[in-house]
Amino acid sequence: MNKKNRLRRTMMFLNAQKPTLLKDPFIYGPDSLIFDLEDAVAPEEKDAARFVLAHALKKVDYHNCEKVVRINGIDTPYWKEDIRCAVFAGCDSIRIPKTESAEGVKEVEAEIIKAEQEAGVELGSTLLMAAIESALGVLNLQEICGASPRLFGVALSAGDYTKDLHTVITGTGVELNGARQQMIITARAMNVQCFDTVYTDLDDMDGLRKETQLIHDMGFDGKSIINPRQIPIVHSVYTPSRKDIIFADKVVKEIDEKRAQGIGVFTVDGKMIDVAFYDGAKRTIALAKAAGVYQEVEND
């Protein structure tokens, strides 16, 4: 997996103005960290938050965690300086809030290019992701996904989205079904990743597991989270099991062998298999390797 399609089972939000949160979040093992300059920071604290964030990104070793900065919306006076701060400090990606059009993505990309040139960093090295928070954003998903080669994924943000629909988050998921289905279909068609919204009830771990299993089964690549306690549950759903890995290895081996013999359909562990299963099996192996669990199964 490369930088653009890397493993992103969990993307954990952090308030960018709180040094205690920024000094060692990597110890919990999230795949990505989202340093929030938007909703978590009051208007009068934006400058202070950028100062804290810049120091953290420059000084803290976040190990294998991806460093994503959520900037303020392009309808605010803050977002351009957010981008400049993030790029100069060495972030990996920028998360655009409330994305509703390809033009908005391109506007952000233009500012990133300026910042990369000023900072002397490699052009194109700062990736993008778009948060979908409105009905219009869902309707314009295809053009948003195709707006920039930097864009690696789209993420649902349920709070503003449900407000836009004139409803609330019910816990059943019914109010999010349409957006979730449209997002995963469009993301796959446009070859970008797709991430689900946060689960806000920190006392309901069973509910988190059920929702994570649902979005995993739908095809989402991962989930935004707000607390380290949510990481083990999301990772347990999204990390291939020993049984899955062994079966995927068998499928790849059998298809390679049978295809060379001109055989198109056969069985593996009693299940009928053909070449359509090949890419899925290879992806399971790639995910297992990225999650660091393939070697231990391979050595069993």
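Q: What are the helix and strand percentages of the chain over residues 9–228, and how far apart are the end C-alpha atoms?
A: Over residues 9–228 the chain is 41% helix and 18% strand, and its end C-alpha atoms are 13 Å apart. Helices (H or I, at least four residues) and strands (E, at least two) are DSSP runs, numbered from the N terminus. The model is predicted: local features need pLDDT of at least 70 and side-chain atom pairs count only at pLDDT 80 or more, while totals for chains, interfaces and linings use all residues. Residues are numbered from 1 along each chain as its sequence is written, and side-chain values use heavy atoms, with hydrogens and water left out.

Q: Which annotation does UniProt list for residues 9–228?
A: The UniProt record, an unreviewed entry, lists "domain: HpcH/HpaI aldolase/citrate lyase" for these residues. UniProt positions follow the numbering used here, feature names are shortened, and annotations may be inferred rather than shown by experiment.

Q: Why is helix H10 called largely enclosed?
A: Six of the eight residues of H10 (residues 231–238) are buried, so the rest of the structure largely encloses this helix. Buried means under 20% relative accessible area, exposed over 50%, and partly exposed in between (1.4 Å probe, protein chains only). The buried residues are Ile231, Ile233, Val234, His235, Val237 and Tyr238. They pack against strand E1 (10–15), helix H9 (205–218) and strand E8 (222–225), where contact means heavy atoms within 4.5 Å.

Q: What makes Asp82 and Arg50 a salt bridge?
A: Their closest N and O atoms are 2.7 Å apart. A salt bridge requires a side-chain nitrogen of Lys or Arg within 4 Å of a carboxyl oxygen of Asp or Glu, so the pair qualifies. Asp82 lies in helix H3 (residues 79–89) and Arg50 in helix H2 (residues 46–59), so the pair ties together parts that are 32 residues apart in sequence. Both Asp82 and Arg50 are buried.

Q: How many salt bridges does a search of the whole structure find?
A: The search finds 26 salt bridges. Among them is that of Arg150 with Glu109, whose closest N and O atoms are 3.4 Å apart. Arg150 lies in the loop between helix H6 (141–145) and strand E6 (151–156), and Glu109 in helix H4, so the pair ties together parts that are 41 residues apart in sequence. Arg150 counts as buried at 7% relative accessibility, and Glu109 is buried at 15%.

Q: How do you know whether Cys91 is bonded to or apart from the closest cysteine sulfur, in Cys85?
A: A disulfide is a pair of cysteine sulfur atoms within 2.5 Å. The sulfur of Cys91 is 8.7 Å from that of Cys85, too far for a bond. By this rule the count comes to zero disulfides. Cys65 is likewise in no disulfide, its nearest cysteine sulfur, that of Cys91, being 15 Å away.

Q: Why does Cys91 count as buried?
A: Its relative accessibility is 8%, so Cys91 falls within the buried class. Cys65 is buried, also with a relative accessible area of 8%.
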